[in-house]
Structures are given as C-alpha cells and as structure tokens.
Amino acid sequence: MAANTSFDLEEITVRQANQALQEADAGSFTVANPKGVHALVCGLDAPLEVSIDGHVGYYCAGMNKQAEVNVDGNAGTGLAENMMSGKVHVTGNASQSAAATAHGGLLVIDGNASARCGISLKGADIVVKGNVGHMSAFMAQTGNLVVLGDAGDALGDSIYEVRLYVRGKVASLGADCIEKDMKQEHHDQLRALLDAAGCEGVETSEFKRYGSARKLYSFNVDNVDAY
Amino acid sequence: MCGIVGLFLKNKELEPDLGRLTALMLKEMRDRGPDSAGFAVYGDEAEGTKITLLSKTDETDWNALAKALSKATGEDVDVKTVGNHALFTTPAEGLGARRWIIDNAPDVTVLAAGKSIELYKGIGDPDAVIEDYALAKRTGTHAIGHTRMATESAITTAGSHPFSTGEDTCLVHNGSLSNHNRLRDNLRRYGESFQTENDTEVAAGYLSWRVREGDTLDEALTRGLKDLDGFYTFAVGVRNGFAVLRDPIACKPAVIAENDDWVAMSSEFRAIAQLPDARQANIWEPEPSTIYAWSHN
C-alpha cells in the first residue's frame, strides 16, 4: 500500500479501516472523523505510522504490535489494551484501564489517565504527563509506570514487580505497595523513559519510586502454620 | 449496561435545538440499552404544574381522570395526550396532585410533576421511543435521557428511566443499587411513594426526600454517597440545573464535555461527538465520589 494513505470514517466503516491497516506491511496512514468509535486500529502487526485525527472510543490500538499510533484527541476505556510492542501516543486524556495487561511497547498520554491505568501490566512502559486515577497499576506484574502528576487512591495495590515513578502526590498506596529508594539504575531508567516520551525539562530527581514490599505474593515460611 | 445522556444549554440560542441535539445523543447510546428508553425535557414553564402520566393499560380515560382530579383539587385540569402518555396542566399544587393520582388511579403511573419537566418513556427500540414522543421537536433548557439494558427489575415502561418522584427532579442511572429494598422501606416511612420495584426509583425517591428535608441538591448527593450502596453513574435534572455523580469505585463509564454553549455528559464520548463543536470542547472523565453540577440562576 502506498505511503500517506487517508481513511475517513464518514466514508468507510471502522471494520474496513482496521482491515486495511491490518493487511498493510508498511507506510503511514491518517484516520479522520473517529468521533469516539470503538476498537479503532486494533490488532496491527507491522511497522506502520498511524495518525488518528480526533477523539477515539474504547480499546483503541488494542493488541498493538510494532505500529506507532498517534491519537490527536482523547481516548476511551482500554486504550492500548494488551499492547505487545510499538508506541501509542494520545495528546489528550485517556479513560479507565489504559494499557491493561500490556506486554510491551510504550504508551504516552499527554493528559490525564483515569482509574486503573496499567492494571495487570505485563511488561509495557507507560508515561502519563498528567495524573492517574485510583487503583492504577493494580496487580501489575512487570514494566514501568511513570506519572508526572498525581496518583489516585490505592496506587499499586497487590503489585508484583512493576516500577512506579511518581512526581506528584500519591493519594494512598495500595496493599503491599511501598516507597523505595531511587538508585542510579532507577534514575537512568527513568531518564530513558522520559526522553522516549518527550518530557523535556523534567528531572528524575523530582520523582519518587514505589514498588512491591513482596510480602503479599511471596510465600513466607513463618506463616506455614496457617496453611 | 445502559446508556445515559444529559445536555444542559448555556447558550439560549440553542434552546430551540435542545430536543434535536438530545435525540442525536440518545440514538448513539441505543446499543448500550436496547430494551427501553426515556427522556425528560425541561422547558416551556407552566403557570401551574405539568404532570406527565403513563397508562398501564393503554385504555385510561384521561378526560375522566382529569375531571376527577379537578373535583378533588378544585382547580381546572388541561389534558394533552401523546400515545399512552398524557400531560395534565393544572394550577393545583404539584405534589398533592401527584399523590392524589397515585392513590386514586391504579391504572396510571405518574412519571413526573413540576413546573418545567415533561417525561416520556417506552419499551423497545430507543429510536422508536425517540420518534413516538417527538424528542427531536422539543425545546427547552436541559434534558436527560436513558437507554436501558434491564438488570434489577423487569422490562416495563414504568421501569424505564428517567425516574422522577419530586417536583421537577429526575434521575437516570447506569449501574445497580444493592440496598434498594431496605432503603425503599425506610423512605416509605418518611412519606415517599413508589410505583415500581426498580432500584433507580429508590435513588430518585431518596433525593426527593432529602430535598424536601431542606438539603440542596449538592447536600443530598453528598449524603447519597454514604446511603446508596452499589454501582452508579447518575445524571440528575432539577428545574434550573443538572448534576452528575459516580460511585466511589467508578466502574460505570461517564464522560463530560463543556464549552461556552453547552455542558454534555454521556456514558460514551460518541454521543457527545454528535454535538456542534464537540471536538474542541473541554472533555474529561468525572472523578469518583465527586459532584459535578451546573445551574441557571
């Protein structure tokens, strides 16, 4: 398919647009008039560049592999859900469960993300330039969540090995989530993530790191009598 | 599931288009609630009280009921019928007239009473309900609509949203309440009357009770956060205003958009996308346990 292909969702259906993108193996694409439709540009698996001009609905860029998806607007529930690789960028806000269960790739949200951002994260990186809502990184397993603003209640509840970097206030930490030291390796990793997300003028020293106390998911021999 | 829409106009010039815009939004929420639909429109203030009624039998003799109500209250009653609904207009005191009809007309459900509110609902395809009750032609200052996927009570016209139990107050709900039976019993003791087994009607009755006790809408909703147990995104209409509230867990969706001309809320952005200049509006997801309210002074 030729480069710079345009799709207008006032002329074709979401299914037609998704199918054309899923069949493409390279190129850059624009999608106009999304008007909050669901499941847009899902299941891509090629190094495409896709720009969506407007607000999208649920599950945008779900299961993304390799592709770089840019949304000029807000996104609904389940943005980049189960992303495997590639990059998804939203210029506005994202609703609940952004990057839920995502295994790889980078999600950048310029605005706020609401509740459960990075729930059950399995290896992806998330950078939110605004705030995240309650229960973010719930049961998150591996990967990184960077928040330039504040985090809502119960951050990192029942967390496994995800690293949480928060610049602002944390309303409360969830069960088994604690503040941890920022060592050099964490400064280095955070710097790389901030650079990848285009966060200029933001210092890693402004952040605190949170992670698992490892008391909830590790078997403790002292408790053997309880079993 | 269920779909909710609410539209509150800030720009008076849009008032002739209130119904048309609300209809566009509600049609977009059809997939979220194909069982039934309903809407409340605030506009055309009456000198006395407007009472919207629903016939449970489709055979109600509205003129005879109006005559009986007129005799009981000593005031004239004007009658307009729309499908199986009727709109009574009377100088009589609204809540008294409402109560009289509930007590004396067992084949009728009182959908709403107030100076400004009119409320219509029906089962089946939301598009047909929108058409049958001419939503697109209605004018006014604000409107609330609902498409229902029934969970807590049967699919009936009376069990469709919005629910209104107090004067010019109405409520639509996405979610389900778990303490509605106990709460309904308590509210009956405080003098509220209920016409269905629906959980949302209890929430509407709760707000009416609190407002009657002297709470502002804001105070009533704040107290509701403690007393209403369950999942909810509510959109609430009052005579001169509009409010949105989500429960502390906020698992039921909601999005709000605002510009200089209007405030809109819906379960999903695609309903708001139907409005003029929606893309440039300030758009956000309402926080849990937070009351968002707008009113005309």
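Two residues are in contact if their C-beta atoms, placed from the backbone, lie within 7 Å. By this criterion, 11 residues of chain B touch 14 residues of chain A. On the side of chain B that touches chain A, at least two residues each come from α8 (269-272) and β14 (282-284) of chain B; helices (H or I, at least four residues) and strands (E, at least two) are DSSP runs, numbered from the N terminus.

This is a predicted model, in which local features need pLDDT of at least 70 and side-chain atom pairs pLDDT 80 or more, while totals for chains, interfaces and linings use all residues. Residues are numbered from 1 along each chain as its sequence is written, and chains are lettered from A and ligands numbered from 1 in the order in which they are written.

Within chain B, helices α6 (residues 199-212) and α7 (residues 217-227) have axes, which are lines fitted to C-alpha atoms over the stretch in contact, that come within 9 Å and cross at roughly 130°. Angles run from 0 to 180 degrees between N-to-C directions. Angles under 35 degrees count as roughly parallel, over 145 as roughly antiparallel, 65 to 115 as roughly perpendicular and the rest as oblique; α6(B) and α7(B) are therefore oblique to each other. Y206(B), L207(B), R210(B) and V211(B) of α6(B) meet L217(B), A220(B), R223(B), G224(B) and D227(B) of α7(B).
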